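Please open the structure in your viewer and keep the selection panel at hand.

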Amino acid sequence: MKKINSKGENKYGHTAPYPEELVQYVINRTIPYLKENIRIIDPFLGSGTTSIVANRMEYNSTGIELNENYFTLSCERLENNFENLSFNF
Ligand SMILES: C[S@@+](CC[C@H](N)C(=O)[O-])C[C@H]1O[C@@H](n2cnc3c(N)ncnc32)[C@H](O)[C@@H]1O
């Protein structure tokens, strides 16, 4: 079991980011049941972990985030992790 930080801010500046391994596990377990044109959606994007992992696995992704600071943080993390990224707002 992996402990998820629930107190204070972590290194990404978000209090409760998902571990990347968790996102990758869920995507890998779900993909076999889906068809083509797969898009990974996280309606609670936070620091952007889901989109980072999805992009690394070469899937398009959509993220929704209420908190403007976390939204900016997730965009920064995505820009820092990937070149030639295109955003649609
Ligand atoms: C547990 S965090 C998600 C963490 C994220 N998966 C990550 O790895 O950083 C939940 C996020 O949902 C956002 N949130 C809460 N209510 C929301 C809503 N109604 N619509 C969009 N985002 C919301 C919060 O601001 C918070 O960043």
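The stops below begin with the chain, then turn to one residue and to the ligand.

This is a predicted model, in which local features need pLDDT of at least 70 and side-chain atom pairs count only at pLDDT 80 or more, while totals for chains, interfaces and linings use all residues. Residues are numbered from 1 along each chain as its sequence is written, and side-chain values use heavy atoms, with hydrogens and water left out.

**The chain.** Display the cartoon and follow the pattern α-β-α-β-α along the sequence. There are three helices and two strands (DSSP runs: H or I of at least four residues for helices, E of at least two for strands, numbered from the N terminus).

**Aspartate 42.** Next, select aspartate 42, which lies in strand β1, residues 39–42. Aspartate 42 is buried (under 20% relative accessible area, with a 1.4 Å probe and protein chains only). Which side chain does aspartate 42 join in a polar contact? The partner is threonine 50, at 2.6 Å; a polar contact is a pair of N or O atoms within 3.5 Å, where, within protein, one must be able to donate a hydrogen and the other to accept it, and residues adjacent in sequence count only if both atoms are side-chain atoms.

**The ligand.** Now select the ligand and the residues around it. Among the 15 residues around the ligand, those that come nearest are His14, Tyr18, Ser47, Thr49 and Glu65 (a heavy atom within 4 Å counts as near). An N or O atom in the side chain of threonine 49 is 2.7 Å from an oxygen atom of the ligand. For leucine 66, a backbone N or O atom lies 3.1 Å from a nitrogen atom of the ligand.

Methods: Buried means under 20% relative accessible area, exposed over 50%, partly exposed in between (1.4 Å probe, protein chains only). Lys and Arg count as positive and Asp and Glu as negative; His and the chain ends are not counted. A salt bridge is a side-chain nitrogen of Lys or Arg within 4 Å of a carboxyl oxygen of Asp or Glu.
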